[in-house]
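Dear colleague,

I am handing over the structure below, and I would be grateful if you could look through it before reading my notes.

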Protein chains: 2
Amino acid sequence: MSLPHAILTALLEKPSSGLELTRRFDKSIGYFWSATHQQIYRELGKLEAEGLIRTLPAEQPARGQKKSYEVLPAGRAELARWTAAAQDPKTMRDPLLLRLRAAAVVGTAGLEDDLRRHLESHRRQLAEYREIERRDFPPDRDAPEDRLRHLVLRAGIDLETFWTQWLTHALAEFAELPDAD
Amino acid sequence: MSLPHAILTALLEKPSSGLELTRRFDKSIGYFWSATHQQIYRELGKLEAEGLIRTLPAEQPARGQKKSYEVLPAGRAELARWTAAAQDPKTMRDPLLLRLRAAAVVGTAGLEDDLRRHLESHRRQLAEYREIERRDFPPDRDAPEDRLRHLVLRAGIDLETFWTQWLTHALAEFAELPDAD
DNA sequence: AGGCTTTTTGCAACTAGTTGCACAACGGGC
DNA sequence: GCCCGTTGTGCAACTAGTTGCAAAAAGCCT
């Protein structure tokens, strides 16, 4: 049950409307917890019904019929509770590794191209993370919240680094394999 | 839609009953695609209905009586198709990183213990992978299927290595943080 | 033989996430 | 004034995975 807590975190960082949240879930928070706008609207409704958030009383006119939400004390308390609660390590599920295992049985035909696509995409993500690090975490900033956020970003960077290296290695292995299937 | 293909792969490696599959999903295949026994039984039923697998002709089945399955040619073809098909990189979802991000807002109280638990669990998994590597992939074996399976295992080893390092680093940061919340 | 436990299979209900679409409001172009 | 694309919100149906429980066969004990 992480989505509500992802939303609470995002709203604490900055009160937002559903669409703004959706946009923010396409970067930042969404880098390690993705969500679609439908999920977000549904969850906002629930959180409001539970009294963890509320709509900000209307302010600037702007366009549309925007509803902005902010976190109530009960919401902050729930987030703190969840953050501190012990959770079991998630069960791993990686389709790409599964496909490689399958390829050991049914042959590697066609797989190589997709590995290249994945490599490309991990490289792009890595470059983006590095850019964020350069922009948001210059060496002199180290307020506690910054250090935690930087730590999370480092996890992203190191994970993408791992994948680019591993995929590169995998492609090299493929090149050496007899390519019958 | 990976579960059916995980099962096909497992059954091609060795025909099994539902419970045997469940056991195998607790190691090996399950290391990167976990599944519960209920998922597996349901999926076996579907795969049989679709004509991708069949029960081994032993005795007519009844509840509580073992049924073993094997993959039919159509099943192998479907697995080959799926393996070669392009798939988008999965959207990342990691509750632990999310909690760290939340901790930057609501404080780190209580989180440290759970990080230690996770570190312990990743260390255990890493040791297990290393043992499998030692046992199943001595330096002289390199048949093509072995190389692919070894590649997958290397991914597991490197991922667990990353997590142990990152968690160690995170705990070190925590030690330096003012621990008010 | 009678009951007790384990093995093996499975149903049903639930939770979480995805996909496809609907609809209202507003701004801009003509 | 009217169509049209954009912004913003939302419902409904579907797919995938989880949890809790139960029931048939088989072995085990005395």
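**Where the chains meet each other and the DNA**

In this predicted model, 70 residues of chain A are in contact with 70 residues of chain B. The two chains bury about 6600 Å² between them, and 68% of that area lies on carbon and sulfur atoms. Between chain A and chain B there are ten salt bridges, including one that joins the side chains of Glu13(A) and Arg101(B) at 2.9 Å, N to O. The count of residue pairs in polar contact between chain A and chain B is 27, with both residues at pLDDT 80 or more. On the side of chain A that touches chain B, two or more residues come from each of α1, α4, α5, α6 and α7 of chain A, and α7(A) gives the largest share, with 19 residues. By class, this side of chain A has 39 nonpolar, 14 polar and 17 charged residues.

Turning to the DNA, 21 residues surround DNA strand D, and the closest are Leu19(A), Tyr41(A), Lys67(A), Met1(B) and Arg42(B). Of the atoms of DNA strand D within 4 Å of the protein, 64% belong to sugar or phosphate and the rest to bases. Phosphate oxygens of DNA strand D lie 2.9 Å from a polar backbone atom of Lys67(A), 3.1 Å from a side-chain N or O atom of Arg93(A), and 3.0 Å from a polar side-chain atom of Gln39(B).

With best wishes

How values were computed. Residues numbered from 1 in each chain as written. Chains lettered and ligands numbered in written order. Heavy atoms only, no water. Contact = heavy atoms within 4.5 Å. Buried area = accessible area lost by both parts, 1.4 Å probe. Salt bridge = Lys/Arg side-chain N within 4 Å of Asp/Glu carboxyl O. Polar contact = N/O pair within 3.5 Å; in protein donor to acceptor, adjacent residues only side chain to side chain. Helix = DSSP H or I, 4+ residues; strand = E, 2+ residues; numbered from the N terminus. Nonpolar A, V, L, I, M, F, W, Y, C, P; charged D, E, K, R; others polar. Near = heavy atom within 4 Å.
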